[in-house]
Amino acid sequence: MSSFNGDVFKGLRITQLDDSDDDNVEAPMDPINVDEQFDDDDEEDDEDSEPVILGFVESPKFEWSSLRQLFPNLAGGVPAWLDPVNLPTGKSILCDLCEEPLQFVLQLYAPLTDKESTFHRTLFLFMCPSMSCLLRDQHEQWKRAPEKVMRSVKVFRCQLPRVNPFYSSEAPKHDGTDKPLGHGAPLCSWCGTWKGDKVCSGCKNARYCSQKHQSLHWRVSHKTECQQLRAVTESSGSGVVDNGVSLTQKHKVASKSLWKEFVMINVDESEYDTEMSEDDEAAKPLVPVREVNDDMKSLMKEYEGDADKQIWVSFQQRVDKAPEQVLRYCRSSGAKPLWPMASGRVSKSEVPNCKSCGGPRCFEFQVMPQLLYFFGAQNERESLDWATIVVYTCENSCDSSVSYNEEFVWAQLYSQTT
Ligand SMILES: [Zn+2]
Ligand SMILES: [Zn+2]
Ligand SMILES: [Zn+2]
Ligand SMILES: [Zn+2]
């Protein structure tokens, strides 16, 4: 498993099982910070100069591939909480607009080497699956009152030092035997996402993050399960820890409406440049590529004066190198997102400072609309759609008393209500 922002280039394409050479398994534990390698960025706002790591989704090879002790990169399904105990709670887990618990979109393992406290570092993105909430969220973003903005998209940052109460300080072996040091907080029986601090009074076994998930579960299946569970609990006489889930198995989730689960692999964007030229024969170099560029140039000319279309064309041109990318990662001081449209962008100065330390935030990654295709989003009126979702995180990746720090996320939508 390779980390974003870490030793990605080496960790890349080493699948977990094929990896018989133990030296290669260290990728997430021994990261090279992209920041340091490319610190001498010029003043130019040229996106091309910043090395971008692309994220792609694939089905998990093993059931254990997505367990938290492997520090995975995930999309869909349920999160693998890095700090499994001190999860976000209260209103922060809800869509502020409809007050339903948010749904897990993805998580990135992106450790930073410049300090001990970021030895492990994971970013978690959640959103409300309702498009009408996202449209209202967009509306809220434009209010420019950062403290009171209602959000349907949220991102959390969690980090841990190498020596911590939850994981061994040694790198995982990726062979199915890795275990965390202990159980995490019990999770919601319905969504498997958020802390289940409400217990079903019938069976005293099922747990819920919210009233809403309890009543959903009750209606769908728990009404009958509850009776059976009650009998089991009474005969065994023991309280069930962590919903009965062992340390090497996945938490069982009753909800069928979560997005399809993937693991994310990462590839340096520049590899797509070299692959193209290697495939060409020396006699006729880069002909197909040049044709594409000419097409693009004439399109650009046609669109002169139409900023949105021009930006869209250069966006498309860049993305076409690897059309299945679902994520673009680039955490270096000069990094900027690749915007699909001119309107609905946020500038760095408009990004609110870190709530925890007051320091500036920088761009870290963006989620591409392709992810929706893999999630199987329907082309219906109410179905979710976005142009890009851009995440800005504390430049210092500061430490604070809470385990999950909410960072700033900006959603650029195709359809905007103004
Ligand atoms: Zn909502
Ligand atoms: Zn729940
Ligand atoms: Zn029950
Ligand atoms: Zn901060």
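Guide: Happy to. Let's begin with Lys 204, which sits in the loop between β6 (198–199) and β7 (207–208). Keep in mind that this is a predicted model.

Visitor: Okay, what is phi of Lys 204 near?

Guide: Phi there is near 55 degrees, a positive value in a residue other than glycine. Most residues other than glycine have a negative phi.

Visitor: Which UniProt feature is placed at residues 188–226?

Guide: The UniProt record, an unreviewed entry, places "domain: MYND-type" there. Over residues 188–226 the chain is 41% helix and 10% strand, and the end C-alpha atoms of that stretch are 15 Å apart.

Visitor: Back to phi. Where is Ser 397 found, and what is its phi near?

Guide: Ser 397 is in the loop between β11 (388–394) and β12. Its phi is near 40 degrees, again a positive value in a residue other than glycine.

Visitor: Is Ser 397 buried or exposed?

Guide: Ser 397 counts as buried, because it has 24 C-beta neighbours inside 10 Å.

Visitor: Let's change topic to the strands. In what order do the ten strands close into a barrel?

Guide: The order is β1-β8-β2-β3-β4-β5-β12-β11-β10-β9, with antiparallel pairing.

Visitor: How many bridges join β4 to β5?

Guide: Eight bridges join strand β4 (residues 120–127) to β5, and the two run antiparallel. His 120 stands opposite Leu 160 in β5.

Visitor: What about β5 and β12?

Guide: Three bridges join β5 to strand β12 (residues 405–412), also antiparallel. There, Phe 156 has Glu 406 of β12 as its bridge partner.

Visitor: And how many bridges link β3 and β4?

Guide: Strand β3 (residues 103–109) pairs with β4 over six bridges in the antiparallel sense. Phe 104 has Phe 126 in β4 as its bridge partner.

Visitor: Are the faces of β5 covered or open?

Guide: Both faces are covered. Side chains in a regular strand alternate between the two faces of the sheet. On one side of β5 are Val 153, Val 155, Arg 157 and Gln 159, and on the other are Lys 154, Phe 156, Cys 158 and Leu 160, all of them buried.

Visitor: Which strands do the buried residues of α3 pack against?

Guide: They pack against β5 and β12. In helix α3 (residues 131–141), the buried residues include Cys 133, Leu 134 and Gln 141.

Visitor: Now the core. Which residues of the largest nonpolar core touch the most other members?

Guide: Ala 75, Leu 125 and Val 409 do, in a core of 75 residues. This core draws at least three residues from each of domain 1 (1–182 + 325–418) and domain 2 (183–246).

Visitor: What is Leu 125 in contact with, leaving aside its neighbours within four places in sequence?

Guide: Leu 125 is in contact with Val 105, Leu 106, Val 155, Val 367, Val 391 and Val 409.

Visitor: Last one: where is the place of Phe 4, and is it buried or exposed?

Guide: Phe 4 is in the segment before α1 (8–11), and it counts as buried because it has 26 C-beta neighbours inside 10 Å. Not counting residues up to four places away in sequence, Phe 4 touches several residues, including Ile 53, Asn 73 and Tyr 329. The C-alpha atoms of Phe 4 and Asn 73 are separated by 8.3 Å, although these residues are 69 residues apart along the chain.

Definitions and conventions. Residues numbered from 1 in each chain as written. Chains lettered and ligands numbered in written order. Predicted model: local features only at pLDDT ≥ 70, side-chain atom pairs only at ≥ 80, totals over all residues. Buried ≥ 20, exposed ≤ 12 C-beta atoms within 10 Å, placed from the backbone. Helix = DSSP H or I, 4+ residues; strand = E, 2+ residues; numbered from the N terminus. Pairing = 2+ DSSP bridges. UniProt positions renumbered as here; feature names shortened; annotations may be inferred. Contact = placed C-beta atoms within 7 Å. Core = buried A, V, L, I, M, F, W, Y, C linked by C-beta atoms within 7 Å. Domains from an automatic or database assignment.
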